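Please keep the sequence and the model in view while reading.

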Amino acid sequence: MKNHSSNLTYLDIDIGDEFLSPSRTVSESDLFQFAGLTGDLNELHTSEVFAKTTQFKKRIAHGMLILSIANGLYMRSNIFNSSVFLGIKNWKSTAPVFIGDTIHLKLKILSKRPTKDGKRGIIAMQYNVMNQNGLSVAEGEFTRMVTLPSMGK
């Protein structure tokens, strides 16, 4: 497991490489800002009184908020200078995230291949969002495109 690195290139990574992002604590402000931005005002996220009547007994973070934070944790990992998001496969929430939970991203390189023109690389990565207790709270496969370093130019 590698800690957040510094601007690796396509050539620096291998299939099976694993990285660990910095962590981030999910706040009440995060829930309300995300609810306002997206219009998802589900009471499970915005009403403590309602949440007490649910199986969780308190408010939980939006699943899509955790997906968005996972993307931010990837960016904070500084694995690549830049990359282009191409898609997500099999994303699922596996446990609730509560206000005050601290999460980080475990990332594993699943595959890599150059594009037909050889100027870019396509990289598939397994994302596993973990809470402060080591419990997986969300996971899925992200695909990104990176620029290949120029050879001898």
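Glu 48 has a relative accessibility of 31%, and therefore counts as partly exposed, since that class lies between the limits of 20% and 50%. The model in which this value was computed is a predicted one. Glu 48 forms a salt bridge with Arg 59, and the closest N and O atoms are 2.8 Å apart. The two residues come from distant parts of the chain: Glu 48 belongs to helix α3 (residues 48–51), whereas Arg 59 lies in the loop between α3 and α4, 11 residues apart. Arg 59, with a relative accessible area of 10%, is buried. A network of salt bridges links Glu 28, Glu 48 and Arg 59.

Across the whole structure, five salt bridges are found. One of them joins Lys 92 to Glu 139, with 3.6 Å between the closest N and O atoms. Lys 92 is in strand β3 and Glu 139 in strand β6, so this pair ties together parts that are 47 residues apart in sequence. Both partners are partly exposed: Lys 92 has a relative accessibility of 44%, and Glu 139 has one of 24%. The side chains of Asp 117 and Arg 120 also meet in a salt bridge, at 2.6 Å from N to O. Asp 117 is partly exposed at 43% relative accessible area, and Arg 120 is partly exposed at 29%.

The strands come next. How many bridges join strand β4 (residues 102–114) and β5? These strands pair in the antiparallel sense over 10 bridges, and Lys 108 has Gln 126 in β5 as its bridge partner. The hairpin of β4 and β5 has five residues between the strands, and Gly 118 takes a positive phi near 75° there. On its pairing with β6, β5 is again antiparallel, over 11 bridges. Here the bridge partner of Val 129 is Ala 138 in β6. The hairpin of β5 and β6 has five residues between the strands, and in it Gly 134 takes a positive phi near 80°. Why is β5 described as largely enclosed by the rest of the structure? The reason is that eight of its 11 residues are buried.

A pair of aromatic rings is described by the distance of the centres and the angle of the planes. There are four aromatic pairs in the count. Among them, Tyr 74 and Tyr 127 are stacked, with 6.1 Å from centre to centre and 25° between the planes. Tyr 74 lies in helix α4 (residues 63–76) and Tyr 127 in strand β5 (residues 120–130), so the pair ties together parts that are 53 residues apart in sequence. Tyr 74 is buried at 3% relative accessibility, and Tyr 127 is buried at 0%. Trp 91 and Phe 142 form an edge-to-face pair, 5.7 Å centre to centre with 80° between the planes. This pair links strand β3 (residues 84–93), which holds Trp 91, with strand β6 (residues 136–147), which holds Phe 142, and the two residues are 51 residues apart. Phe 142 is buried, its relative accessible area being 2%. Tyr 74, Phe 85, Trp 91, Tyr 127 and Phe 142 form one aromatic cluster.

Rings also meet charges. The charged end of Lys 58 sits over the ring of Phe 98, 4.6 Å from its centre. Lys 112 lies over the face of Tyr 10, at 4.3 Å from the ring centre.

Note on methods. Residues are numbered from 1 along each chain as its sequence is written. This is a predicted model: local features need pLDDT of at least 70, side-chain atom pairs count only at pLDDT 80 or more; totals for chains, interfaces and linings use all residues. Side-chain values use heavy atoms; hydrogens and water are left out. Rings of Phe, Tyr and Trp (its six-membered ring) pair if their centres lie within 6.5 Å; planes under 30 degrees apart count as stacked, over 60 as edge-to-face and the rest as tilted. Helices (H or I, at least four residues) and strands (E, at least two) are DSSP runs, numbered from the N terminus. Buried means under 20% relative accessible area, exposed over 50%, partly exposed in between (1.4 Å probe, protein chains only). A charge sits over a ring if NZ of Lys or CZ of Arg is within 6 Å of the ring centre and within 35 degrees of the ring normal. Two strands pair if DSSP finds at least two bridges between them. A salt bridge is a side-chain nitrogen of Lys or Arg within 4 Å of a carboxyl oxygen of Asp or Glu.
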